[in-house]
Every structure is written in C-alpha cells, then in structure tokens.
Amino acid sequence: MCQLLGMNCATPTDITFSFRGFSQRAGITSDHCDGFGIAFFEDKACRLFVDNQSAVESPIAELIRNYPIKSRNVIAHIRKATQGKINLENSHPFSRELWGRQWIFAHNGDLHDFHPRLSGRFTPVGNTDSERAFCYLLDQLVNRFGYDEPSLTQVFDLLVEISPTIAEHGTFNFCLSNGQALFSYAVTKLHWLVRAYPFQPAQLIDLDVEVDFSQVTTAEDCVAVITTEPLTQNETWTAFQPGEMILFQHGRPIKTQMTHIKRLERERLNPELRRITKADQY
C-alpha cells in the first residue's frame, strides 16, 4: 500500500512544509519505504522526481524538503509495494502526454485481476496495477474525446463514470492532474483541507515543526491539500466519502460527486463477501 499527497493552489506555492511531514511516513512514523516521487507542474509541463529509495533516505527527497519549488499543482507519493518490483519504473507518480499537456497520476490501493484491454497509445513501462489503471483512464479519455481537448468538467464526468468500474477490482484512491486542476477520488482513506485568508499556524503530526502561515502568505493565496492521512494536528481535515470524486481548482473544491461502487454495496449488505487485504489496513 502507499500514501498520497496532492496540492492545488490559487497562486504558485511550495509544498516543503507538507512534504517534510509526509516523507516521515517513509520509514520513521510509518513503513512506506519502497520508493517515492513528486511532480511539480509549470503550466503544461512538470518537473518529475522519482527514486526507488525511501523518501527518508533519498538525497532527492532531501532536496525537495529544503528547496521551495513553487507550483499550482503538485502530486507526491510514497510507496509500500503490493504489486511490481521496487524500481524506478514502478515509482509513482506516472507521467504521460495528452493533448499537448503532461498528465500526472498517483494511486493508493491494490487492484486484483485488473488487466484491461489497452489501445497501445499508452503502454505501461513497469508492471504495477497503478500504471495500468492510468493508461486505461487516458485511453478512455481519448476514446471519448478524440483529438479535441475536453473541458475540466467533461474530464470530471468521464472519471466519475469510469472510476467505479476500476474500483470493482479493489482499492482505488488516486490523484490526477494536467496542470490546470487536480482530480481526486477515494474508495477508502483520503482527506483534504483548504488554507485561506486569514491564515493560521499549522503543526505537523509526524514532525515537531510548526509554521505560522499568516506570516508567509498574502490574501490572494489559497491552498488545498489532499492526503491519505491528515498531516497536521491543529487543523480540520475533511474525509472523502467512499466513492467520492472531487475537482480542485484555484485552491478550492469546485465540483464534487458521489459514485456508486457495486462491490461496496454488496459488502455492506453481506460483510462476509468482503475481501480482507492489506488495503483495508490503511
């Protein structure tokens, strides 16, 4: 299993505070130590850093903790491998080009018997269920919209339609961005909050670090943070509902919709059908 961290902002913002706490879970406060990655968007392109070392030991992660790269959309991932070897090609986030933009995807969960037919335009480099799911989502976007780039609302609606079918195979929590906005979906654990004016101090859970955001922000700043488990102990985090999709733009949730996952309904009506896996522990 893995953990996710996403950030969507109204103005370019660095993620050093959140990443410092988040990266502690890669071997110090938790055991997600099978590689890490982080992507920072700059308009249509992004800076992507991945390593098969843990985010505690990796010199690349140390750079990210100390170098304030500013971006409006960021996706990070720390891995606890369930499928695929511990190597670079299986390290999230994954990146592909579509409609002249880079798309970034990171997944938390474990998909069983998920081998969709792919067109060949988007081919997995590694051998994880996560990368297969990413390629499948992009295939579905191309099948629906062809060469005409869709609006964010159209992308959102297609993700709402497709994601529950993937979630039938197991745990499917993800963050996806094309640099314009950030899409998040949860079947099990995912949380979010918005930091906006007037800003308040925040204290990390995993590290004895506090930042008074009122001293380092302006009234124009607005930041949405999405993560598997809450990162701070003195802020109010909102949990995703099972099957909830949220679109974040300009630092706020602008669209949300519940999806119906038939597997969850079957398990609710008959708990004996529930598959007990490592995914249920996170």
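**Close-up views of the predicted model**

**Figure 1. Surroundings of Ile246.** Leaving aside residues up to four places away in sequence, Ile246 touches Phe156, Leu182, Phe183, Ser184, Trp192, Phe240, Pro253, Lys255 and Thr256; contact means heavy atoms within 4.5 Å. The model is predicted: local features need pLDDT of at least 70, side-chain atom pairs count only at pLDDT 80 or more, and totals for chains, interfaces and linings use all residues. Residues are numbered from 1 along each chain as its sequence is written, and side-chain values use heavy atoms, with hydrogens and water left out. Ile246 belongs to strand β14 (residues 244-249); strands (E, at least two residues) and helices (H or I, at least four) are DSSP runs numbered from the N terminus. With a relative accessibility of 2%, Ile246 counts as buried. Buried denotes under 20% relative accessible area, exposed over 50%, and partly exposed the range in between (1.4 Å probe, protein chains only). Ile246 and Phe183 are 63 residues apart along the chain, and their C-alpha atoms are separated by 5.9 Å.

**Figure 2. The chain as a whole, for orientation.** The secondary structure comprises five helices and 15 strands. The radius of gyration is 18 Å, close to the 19 Å that the globule rule gives for 282 residues, so the chain is as compact as a globular protein of that length. Here the radius is taken over C-alpha atoms, and the globule rule is 2.2 Å times the number of residues to the power 0.38. The C-alpha trace spans about 50 × 45 × 35 Å along its principal axes. Of the 282 residues, 55% are buried. Among contacts between residues at least 6 apart in sequence, 70% join residues at least 24 apart. The chain exposes about 12,300 Å², of which carbon and sulfur atoms supply 48%; accessible areas come from the Shrake-Rupley method with a 1.4 Å probe, and for residues only the protein chains shown count as cover.

**Figure 3. Contact of helices α1 and α2.** The axes of α1 (residues 16-23) and α2 (residues 59-66) come within 8 Å and cross at roughly 140°. Axes are lines fitted to C-alpha atoms, for helices over the stretch in contact, and angles run from 0 to 180 degrees between N-to-C directions. Helix α1 contributes Thr16, Phe19, Arg20 and Ser23 to the contact, while α2 contributes Ala61, Ile64, Arg65 and Asn66. By class, three of these residues are nonpolar, three polar and two charged. In this scheme Ala, Val, Leu, Ile, Met, Phe, Trp, Tyr, Cys and Pro count as nonpolar, Asp, Glu, Lys and Arg as charged, and the others, Gly among them, as polar. Helix α1 is mostly covered, seven of its eight residues being buried: Thr16, Phe17, Ser18, Phe19, Gly21, Phe22 and Ser23.

**Figure 4. Aromatic pairs.** Rings of Phe, Tyr and Trp (its six-membered ring) pair if their centres lie within 6.5 Å; planes under 30 degrees apart count as stacked, over 60 as edge-to-face and the rest as tilted. By this rule there are twelve aromatic pairs. The ring centres of Phe40 and Phe49 are 6.2 Å apart and the planes stand at 80°, so this pair is edge-to-face. Phe40 has 2% relative accessibility and counts as buried. The pair of Phe105 and Phe174 is tilted, at 5.5 Å centre to centre and 35° between the planes. Because Phe105 lies in strand β6 (residues 101-108) and Phe174 in strand β7 (residues 173-177), the pair ties together parts that are 69 residues apart in sequence. Phe105 and Phe174 are both buried. Ring pairs link Phe105, Phe134, Phe172, Phe174 and Tyr185 into a cluster.

Figure 5. His92 and Pro93 are joined by a cis peptide bond with omega of about -5°. Pro93 is located in the loop between β4 (70-79) and β5 (94-98). The peptide bond from Tyr197 to Pro198 is also cis, with omega near -5°. Pro198 is placed in the loop between β9 (191-196) and β10 (201-203).

**Figure 6. Residues other than glycine with positive phi.** Asp43, not a glycine, has a positive phi of about 60°. Asp43 occupies the loop between β2 (36-42) and β3 (45-51), and its relative accessibility of 59% places it among exposed residues. His250, likewise not a glycine, has a positive phi of about 55°. His250 is found in the loop between β14 and β15 (252-258) and is exposed, with a relative accessible area of 52%.
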